[in-house]
Amino acid sequence: MDFFTSMRISASGMTAQQTRMNTVSSNLANAETTETEEGGAYRRRDPIFTATADRETFGEILTNEMDSHAQGVLVTEIEEDKKPPRMVYNPKHPHANKEGYVAMPNVNSVEEMANMITASRSYEANVTALNAAKSMAIKALEIGK
Amino acid sequence: MSNMTIGSIKSSLNSGDVGSLMEHNRLVRDLPEAVAPSPTTTETSSTGTFAEMLSKGMEKVNQAQTDADHAIKEAAAGRDKNLHETMLLIEKADMTYKFAMQVRNKILDAYREVMKMQV
C-alpha cells in the first residue's frame, strides 16, 4: 500500500534526525574533552544525509527505479569537523603543550543548541507528515460510510 | 438454476451460524457464473477463489498484528533501535486491521442484502 511508503519515508527522516540528535549530544557532552582515543582534543561530529530509495520488497525497488519521486533519507557517514582546535592558555593542565596551551574541542555550544533545535523540529515535522498520511488513509476507509 | 442457488442460500441461513459465511460467499461468487458464464472466468481461477483471497488478506493482517506485538515486546525489553519504528509497526497493524474491518462490514452488508431478498 502506498500510504505505508510515505509513512516509512517519514520514519527514515525520524531515524536521520535521531542520529543527528545523537551527534549533537556527543558534541555537547565532549565540549571540554581534551583527550581522545585518536589523540588530541575531541573533534565535533556532523551526520551526512543522503537521499535513498525506500526499498523493502522487490516490487517496491522496481517501482522506485521506475519513478523515484519518493525518497527516504539515510545517514551515510558521520564526518569529523576539520576546524582547528581552540587553543586555551592553561599551563597547569596535564594536556598542555610546551608553550602552556591546551587544545580544546572545536565545539561551539551555541551552534550545537541551534543544531539541536533544528533536529527536534525536523523530527516533529516528520511525525506530523506521518500522522497526516495516516489520517488520509483513515479518511479513505470512510469512503462509502 | 438461480432458484437452486437461492435455495442453497436459504439452507445456509437455516444452518444459522456465522461460519457459513464463507459458503455463502462462494455461492454469491458462483451466482453470476451460473447465470451467464463471463469471459473473465480464467482470470478469476488464476487468482483463486474469493475465500482464498480473503484468507490470504487475513493472514497479512494477522502478520501485521504479530509484527507489532513483537516490536512492543522488543521495546519493553529495551532491545529496540528506534521508538518510532515500533510506533510505525503499531500504526501499520492498526490501519490494516481497520481496513479488514471495513471489508468485513461490506461483506456483511452484502450478505444481509441477499438475505432480505423476497423469494
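This passage describes one helix of chain A and one pocket lined by parts of both chains in a predicted model.

Helix 3 of chain A, which covers residues 109-141, contains 33 residues and extends 48 Å from its first C-alpha to its last, close to the 48 Å expected at 1.5 Å a residue. Where this helix starts, a side-chain oxygen of Asn108(A) comes to within 3.2 Å of the backbone nitrogen of Val110(A). The buried residues of helix 3 of chain A include Glu112(A), Asn115(A), Ala119(A) and Asn126(A), and also Leu130(A), Ala133(A), Lys134(A), Ala137(A), Ile138(A) and Leu141(A). These buried residues pack against helix 1 and strand 1 (45-53) of chain A, as well as against helix 5 of chain B.

Asn115(A), which lies in helix 3 of chain A, counts as buried because its relative accessibility is 16%, and buried means under 20%. When residues up to four places away in sequence are not counted, Asn115(A) touches Arg20(A), Val24(A), Arg44(A) and Asp46(A).

The second largest pocket holds about 440 Å³ of space and is lined by 17 residues, of which Lys81(B), Asn82(B), Glu85(B), Thr86(B) and Leu89(B) lie nearest its centre. At least two lining residues of this pocket come from each of helix 1 (2-29) of chain A, helix 4 (50-76) of chain B and helix 5 (83-115) of chain B. Helix 5 of chain B gives the most to this lining, contributing five residues. Sorted by class, the lining of the second largest pocket comprises eight charged, five nonpolar and four polar residues.

Notes
Residues are numbered from 1 along each chain as its sequence is written. Chains are lettered from A and ligands numbered from 1 in the order in which they are written. This is a predicted model: local features need pLDDT of at least 70, side-chain atom pairs count only at pLDDT 80 or more; totals for chains, interfaces and linings use all residues. Side-chain values use heavy atoms; hydrogens and water are left out. On a 1 Å grid over the protein atoms alone, a cavity is a set of points where a 1.4 Å probe fits but cannot get out, and a pocket is an open set with protein on both sides within 12 Å along at least five of seven lines; lining residues have an atom within 4 Å of a point. Grid points are joined across faces, edges and corners, and a volume is the space filled by probe spheres set on the points. Helices (H or I, at least four residues) and strands (E, at least two) are DSSP runs, numbered from the N terminus. Ala, Val, Leu, Ile, Met, Phe, Trp, Tyr, Cys and Pro count as nonpolar, Asp, Glu, Lys and Arg as charged, and the others, Gly among them, as polar. The expected span of a helix is 1.5 Å times one less than its number of residues. Buried means under 20% relative accessible area, exposed over 50%, partly exposed in between (1.4 Å probe, protein chains only). Contact means heavy atoms within 4.5 Å. A polar contact is a pair of N or O atoms within 3.5 Å; within protein, one must be able to donate a hydrogen and the other to accept it, and residues adjacent in sequence count only if both atoms are side-chain atoms.
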